[in-house]
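Biologist: Hi! Could you walk me through this protein model in simple terms?
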Amino acid sequence: MLVASIVLGVTLLLCLVGGISGFLVLRSAERGQGATDPASAVQDFLTAVYTERDADRATRLVCSAARDGEQISAKVREVAEAAERYGTVRYRWANPTLDEQTPERVLVSTTLTMTTEDERMVDQQLTFVVVEETGWWVCDVI
């Protein structure tokens, strides 16, 4: 009886460890690899939203905790609607700078500039929370 209990306990432990390992491996495989550094994560995200206007690509660049495809699609639609409202609209941004940094989290800031067809310009300061999970991912804009 004691031997059977020990064997059962070891079997359950191995199943638990295997299940957790499988979950972690599959989660990483499903998400892919993040950017190599925080500034690149922000650069890629801005390009997907403001240059390519590709909500699916932008969604794939966001951390799992903030991956809300509907919210990202709404932002991309907002960018596209601004382009329609103001004619030809161009977006550019300054090189992202790292403001606060820990090994797992970085605040990255940049200035986004929108220029309309008639050369009117507006600047917006953006700060991104970028996290490290199998690479760097944009997790929030504050």
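Biologist: Great. What kind of model is it, and how confident is the predictor in it?
Modeller: This is a predicted model. The chain has a mean pLDDT of 83, and 78% of its residues reach 70 or more.

Biologist: Where does pLDDT stay under 50?
Modeller: That happens over residues 2-30, and for this stretch the model has one contact beyond four places in sequence.

Biologist: Okay. How many helices and strands are there in the chain?
Modeller: You'll find four helices and five strands. Their order from the N terminus on is α-α-α-α-β-β-β-β-β.

Biologist: And how much of the chain is made up of buried residues?
Modeller: The chain has 142 residues, and 32% of them are buried. As for contacts between residues at least 6 apart in sequence, 49% join residues at least 24 apart.

Biologist: Let's switch to pockets. How much space lies in the largest pocket?
Modeller: About 380 Å³. Its lining is made of 17 residues, and Phe45, Gln71, Ile72, Lys75 and Val141 are the ones nearest the centre. Two or more lining residues come from each of α2 (38-51), α4 (69-85), β4 (121-132) and β5 (136-141).

Biologist: What classes of residue are in the lining of that largest pocket?
Modeller: Twelve are nonpolar, two are polar and three are charged.

Biologist: What about the second largest pocket, how much space does it have?
Modeller: About 190 Å³. The elements giving two or more residues to the lining of this second largest pocket are α4, β3 and β4. Helix α4 provides the largest share, four residues.

Biologist: New topic: how many disulfides does a search of the whole structure find?
Modeller: One. Cys63 and Cys139 form it, with their sulfur atoms 1.9 Å apart.

Biologist: Remind me, what is a disulfide?
Modeller: A covalent bond that links the sulfur atoms of two cysteines.

Biologist: Which parts does this pair tie together?
Modeller: Cys63 is in the loop between α3 (55-60) and α4, while Cys139 is in strand β5, so the pair ties together parts 76 residues apart in sequence.

Biologist: Is the disulfide right-handed or left-handed?
Modeller: Right-handed, because the torsion about the S-S bond is about 60°.

Biologist: And is Cys63 buried or exposed?
Modeller: Cys63 counts as buried, because its relative accessibility is 0%.

Biologist: Now single residues. Where is Thr110 found, and is Thr110 buried or exposed?
Modeller: Thr110 sits in strand β3 (residues 105-115). Thr110 is buried, with a relative accessible area of 2%.

Biologist: What does Thr110 touch, leaving out residues up to four places away in sequence?
Modeller: Its contacts there include Leu46, Trp93, Pro96, Gln125 and Phe128.

Biologist: And Arg92, where is it found?
Modeller: Arg92 belongs to strand β1 (residues 90-93). Arg92 counts as partly exposed, because its relative accessibility is 46%; the limits for that class are 20% and 50%.

Biologist: Which residues does Arg92 touch, again not counting those up to four places away in sequence?
Modeller: Thr111, Leu112, Thr113, Thr115 and Met121. Also, Arg92 and Thr47 are 45 residues apart along the chain, and their C-alpha atoms are separated by 9.1 Å.

Definitions and conventions:
Residues numbered from 1 in each chain as written. Predicted model: local features only at pLDDT ≥ 70, side-chain atom pairs only at ≥ 80, totals over all residues. Heavy atoms only, no water. Buried < 20%, exposed > 50% of the residue type's maximum accessible area, 1.4 Å probe, protein only. Contact = heavy atoms within 4.5 Å. 1 Å grid on protein atoms, 1.4 Å probe; cavity = no way out; pocket = protein on both sides within 12 Å on 5 of 7 lines; lining within 4 Å. Points joined across faces, edges and corners; volume = space filled by probe spheres on them. Nonpolar A, V, L, I, M, F, W, Y, C, P; charged D, E, K, R; others polar. pLDDT = per-residue confidence, 0-100. Disulfide = S-S within 2.5 Å.
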